[in-house]
Structure formats: C-alpha cells, structure tokens
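Notebook open, structure loaded. I want to look up the ligand site, then the charged pairs.

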Amino acid sequence: MKREIQAFRQKHLLREGWDLIPDLLPSTLISSVTNTFEQLIKSNRNPSTQILFTHNEPPEDTPPLSSIMTQWLNPWRWEEFPEKENCKILKHILFGEESNDWLLFQEILFMKQPNQGDFHWHQDMPFFPLDNSDGVTCWIAFDKCTKENGALMIAPRSHLSGSLVSINLHTGKSQDGNGFSFVQKDFNIVQPILNPGDALLFHPCTFHASAKNLTKLPRRAWATVWFRKGVKFKRQNAPNHPMWKDVKDGSIVQGIL
Ligand SMILES: O=C(O)CCC(=O)C(=O)O
C-alpha cells in the first residue's frame, strides 16, 4: 500500500531543499489532528506568545506573535490531545523502515488567521540549539492552501548556503542586526497549491515564508521537525532556546518519541 512506502526521499531533499508529497495523510489522521485544532481553540491551552529571539531579548517595540501567527508549540505535551500517537503514526508514514533512525525534535500547530501579518523569509536551523542540520520539516496542510490564504512559499536550493542567521519573523531582518535579509529574486520561488493532507518537506536550512491570509477563514497546518539520531545539543547556536532548562551542552538529543 502506498502509505506503507517510505515517503521521505532524502537524496532529493538534499539536492533541492524541498519536496511535495500529495495526499500523505490517511483520513483518520486528518480527522484526529483536525480535532486537536478544534479542541485547542476551545481549551485554555494558550497559543505561544512570542517567537524565539535566539541570542537577545526581543526589541522593545516587538508586537506579540499573535500579530503574525496563532501557533501552539509541542501540543504532544498535553495529555488531553492524542498528538503523541499522531506523531508516531506520522513517523512511520514518513520514514517507514528507517523510523528508528529518526527523532522528533518539535511539533507546531499553525493557524494563520485573516489579517495577521507576513511571516517573513527564514531558515529554521538558526532557531535550533543543535550541532548539525541532518533533518527535515514536514509541513502538512489542514485547509486548502492557495496564494490568497497565504500558502507556504519555498526557495528551492536555498539550503545550500547552510545555516545563516536567525530572522526576526516580524520584520524579516536578521536578529543580530548584521544587515542580512533574504533576496527573493535570487531563487525560483515555489508556492504549491495544497489540499488537506498534502505535505511539503523541507530541509532545516531552506528559506520559507508565508504572506497574509486575505480570505475570511483560517489556514491551518501541522509542522513536525525531525532529525537523524545522533544530533547533539549545541548551546551557542540558540542559547535562549527553552530546552536549556533540561539538557546539557554536547549531549545527544533524545527527541520526543
Ligand atoms: O505556516 C506558516 O505560514 C509558517 C510555517 C513555518 O515557518 C515553519 O513551519 O517553519
């Protein structure tokens, strides 16, 4: 059966920086995660309040995260939702027989609401306190995604630059103020139209972004970030990362599952 075949094509990802897998999720998993979204909205589990400023405090005039995105980080932590089980099923769909080689680093449920601002071009890797980028993000649509509702945009092959700088997602400028900003015209940007259950896979160093949602309905997505086992914590890459309470610099990342 199609879904028992490993979906992750690592050679392709390493060459192009991204991949599209239509119809990745079985309908049972779509229903379960959709239910988590609905329950979360009704619950008292508050969305995250600010993006990570990896090395400094947020600049004083920084608005809350809700001005650009409604997102819940690591909902697998909350036992009232079946997210741990959902991530386990997804792991098998993605990596098949190689599942034991991979760990889940984080899970985010994204809800881009009408009138929230641009989510600027960035790489994920500079936000992670990890020593190598042998990983992949799996971003799965939970609503039809189009240009109008801010479908994810990807810059193919932008991962070839390696991990550069953490970006202030409110402004698109580098957090360390070194003047870096992403130049769209240097890449053949793609913005695939997705149906619920379709997945975009991208490398941790691939630049991606989403513009405003100009429709009247939210655009939801389930993003999980996976790394190959053996990756270690490296504090200096993101010293403000909340995981520092629980881990030691140089130790092997255990992952969530
Ligand atoms: O859903 C979005 O618009 C942004 C997602 C994103 O930046 C990410 O998954 O790292």
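Predicted model: local features only at pLDDT ≥ 70, side-chain atom pairs only at ≥ 80, totals over all residues.

Entry: I checked D124, and one of its polar side-chain atoms is 3.1 Å from a ligand oxygen, so the pair falls within the 3.5 Å cut-off. H122 also places a polar side-chain atom 3.1 Å from an oxygen atom of the ligand. For W139, I read 3.1 Å between a side-chain N or O atom and an oxygen atom of the ligand. How much of the ligand does the protein bury? I get 96% of the 290 Å² that the ligand exposes when taken alone.

Entry: the site. I find the ligand in the largest pocket. Around the ligand I list M69, F110, F119, H122, D124, W139, L152, H208, S210, R219 and A223. Sorted by type, that shell gives me 6 nonpolar, 3 polar and 2 charged residues. Which strands each supply at least two residues of the shell? I note β4 (119-122), β8 (208-210) and β9 (219-228).

Entry: salt bridges. Opposite charges on side chains can pair when the charged atoms come close. My search of the whole structure turned up 7 salt bridges. I looked up the one between D19 and R9, where the closest N and O atoms are 2.7 Å apart. D19 is in strand β1 (residues 18-21), and R9 is in the segment before α1 (10-16), so I log this pair as linking distant parts of the chain, 10 residues apart.

Notes
Residues numbered from 1 in each chain as written. Heavy atoms only, no water. Near = heavy atom within 4 Å. Polar contact = N/O pair within 3.5 Å; in protein donor to acceptor, adjacent residues only side chain to side chain. Areas by Shrake-Rupley, 256 points an atom, 1.4 Å probe, with all protein chains shown as cover. 1 Å grid on protein atoms, 1.4 Å probe; cavity = no way out; pocket = protein on both sides within 12 Å on 5 of 7 lines; lining within 4 Å. Sits in = over half its atoms within 2 Å of the grid points. Helix = DSSP H or I, 4+ residues; strand = E, 2+ residues; numbered from the N terminus. Nonpolar A, V, L, I, M, F, W, Y, C, P; charged D, E, K, R; others polar. Salt bridge = Lys/Arg side-chain N within 4 Å of Asp/Glu carboxyl O.
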